[in-house]
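Dear colleague,

Please find below the structure that I am handing over to you. My notes on what was found in it follow directly after.

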Amino acid sequence: AVTGSPSVAPSESAAPHPEAMPAALLSALVLRVLFVFLVPEVVAQQPGTLQPEVHPELLIQECTSAGCVAKTGAVVLDANWRWVNKGGQNCYTNQDTWDPAFCSDAAACAQTCSVEGADYSGTYGVTSNSENDGVTLNFVTKGTYGNNYGSRLYVMDGDDTYNMFKLKNREFAMDVDVSNLPCGLNGAVYFVEMDQHGDLDGQGNAAGAKYGTGYCDAQCPHDIKFIKGEANLLNWNNTNVPPSGHFGTCCAEMDIWEANSRATAYTPHPCAELGLTKCEGIVCGDTSKGERYKGVCDKDGCDFNSHRMGEKSFFGSGTDFTVDSSKPMTVVTQFLTSDGSDSGDLSEIKRFYVQDGKVIENSEATILGPNAGNSITDELCSKQKAKFGDLDHFAAKGALKSMGEALDRGMVLVLSLWDDSDVNMLWLDSAWPTDEAPRKPGVLRGPCPGGRTSEPAYLRQATPESQVTYSQIKVGTIGSTFSGTRRMASAEYV
């Protein structure tokens, strides 16, 4: 999951903010922050008047056995990327500090500062396709006032509300093209238990979902600048990467797709509390304080990464791989219940792919021994934790049953692209942690060498044309999402 970047007024530039991703056995986590190095981007809580906010359209298809119907929707840029100002003057400076003239008090800052609308294509590199059922996210966008790196978007069902997906006993499908994502980048699609209105309260947060407010995820990021109608001023550390404050924002997270052209993973992250928790102290579970497994959320999650689970020739670029990431593919995720009903407990998260007209079952978890399975179940997760020597925080936070309860309550869909200034995405596509031998089970997550070529500074200079495309998003009853027409992959069981 990702957190945000700094943001300053036009004509200034801010230091890039890496995502606050934990550095330990993190399957996928969160935060997929993207980093921005430029102009409009801080998060504010009042709607601005200097730049109109026009959401790019994104159609979502709802499917049953009778077929699929397109529903009008849109995407909105996260508020942490936007310019926050008071009458055209920065509330958050390009030194990653708060201007005390406007922000000496957390509540007053939120009520005083405005968050502006976004120039989606010109500043942030986000464009819709001609059918309005897909978006492309560019990695580097050179705008008028500086460079932007990556983005994080939320799917809406109206101008002021997020689309709340309830996926238990349902399947979610999308077409994705990661052919132009090298080692070190992450095109991430995931669900988080944000508030439908972005914690709009009409006072400290009068901007709401229309301006992309209210972010949270299972990593409990501290770099969110406004939380529940107040600025995150207390103990703000502008030398941290990314700059961060005292409070974090925690909530359940379901990572559908974390990937580049070399590796991919999907991961549930349950939490003990409902919705967004504004955390402080031990509740946040900060890794830097040695409290990672004492917090409200399961930061490691239970990930299924084919390379990590023993099948190194399943996913990658070229015809030598079962799923060829050099070409577009359809990714299908099914959320199965114990009794096949909407009210049953979540018992299995199943993955398969469709490419070149063929349905491809997920790889087997061969590293766990024979008959371990190829989907996420509580049994597989327990075996994985034992095999890799990881603490089973997933079980401690309620495992799949808890994840299913969050899916029942409704979750917001996130589409993102980011690089990782913390650990260079090693947890996704290389060997992690670096103080363990790569031959140890669970350490090797992908074929990338790591080192300089996975560092954000290198990637931003050497691979500015990197991008990811998400399209043909469908949600429906089990087995229903192949009844409509697909442009990127025509599905037929073979």
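C279 is buried, with a relative accessible area of 1%, where buried means under 20% relative accessible area, exposed over 50%, and partly exposed in between (1.4 Å probe, protein chains only). Its disulfide partner is C284, at an S to S distance of 2.1 Å; a disulfide is taken here as a pair of cysteine sulfur atoms within 2.5 Å. C284 likewise counts as buried, at 1% relative accessibility. The link of C279 and C284 is right-handed, with 110° about the S-S bond.

Please note that this is a predicted model, in which local features need pLDDT of at least 70 and side-chain atom pairs count only at pLDDT 80 or more, while totals for chains, interfaces and linings use all residues. Residues are numbered from 1 along each chain as its sequence is written, and side-chain values use heavy atoms, with hydrogens and water left out.

Further disulfides

A disulfide is a covalent bond between the sulfur atoms of two cysteines. A search of the whole structure finds 9 disulfides. One of them is formed by C271 and C297, with sulfur atoms 2.0 Å apart. C271 lies in the loop between strand 21 (264-269) and strand 22 (277-279), and C297 in the loop between strand 22 and strand 23 (315-316), so the pair ties together parts that are 26 residues apart in sequence. Strands (E, at least two residues) and helices (H or I, at least four residues) are DSSP runs, numbered from the N terminus. Both C271 and C297 are buried, and their link is right-handed, with 105° about the S-S bond.

Another disulfide joins C63 to C68, with an S to S distance of 2.1 Å. The link of C63 and C68 is right-handed, at 105° about the S-S bond. C63 is buried, at a relative accessible area of 4%, whereas C68 counts as partly exposed at 23% relative accessibility.

Nonpolar cores

In soluble globular proteins, nonpolar side chains tend to be buried together. The largest nonpolar core in this model has 101 residues, and W257 and L415 have the most contacts inside it. A nonpolar core is a set of buried Ala, Val, Leu, Ile, Met, Phe, Trp, Tyr and Cys residues joined through side-chain atoms within 4.5 Å. Strand 28 (residues 411-419) supplies the largest share of this core, 7 residues. A second, separate core has 16 residues, including F102, C113, F226 and L233.

Strand 13 (residues 151-156) has 6 of its 6 residues buried, so it is largely enclosed by the rest of the structure.

T161 is found in the loop between strand 13 and strand 14 (164-165). This residue is buried, with a relative accessible area of 17%. The side chains of T161 and D157 are joined by a polar contact of 2.6 Å. A polar contact is a pair of N or O atoms within 3.5 Å; within protein, one must be able to donate a hydrogen and the other to accept it, and residues adjacent in sequence count only if both atoms are side-chain atoms. Leaving aside neighbours within four places in sequence, T161 is in contact (heavy atoms within 4.5 Å) with M156, Q196, H197 and A209.

Strand 10 and its partners

In strand 10 (residues 134-138), 4 of the 5 residues are buried, so this strand is largely enclosed by the rest of the structure. Strand 9 (residues 126-128) runs antiparallel to strand 10 and is joined to it by 3 bridges, with T136 as the bridge partner of T127. The hairpin of these strands has 5 residues between them, and N132 takes a positive phi near 60° in it. Strand 10 also pairs with strand 29 (residues 467-477), in the antiparallel sense over 5 bridges; L137 has V468 as its bridge partner in strand 29.

Yours sincerely

Technical notes: Two strands pair if DSSP finds at least two bridges between them.
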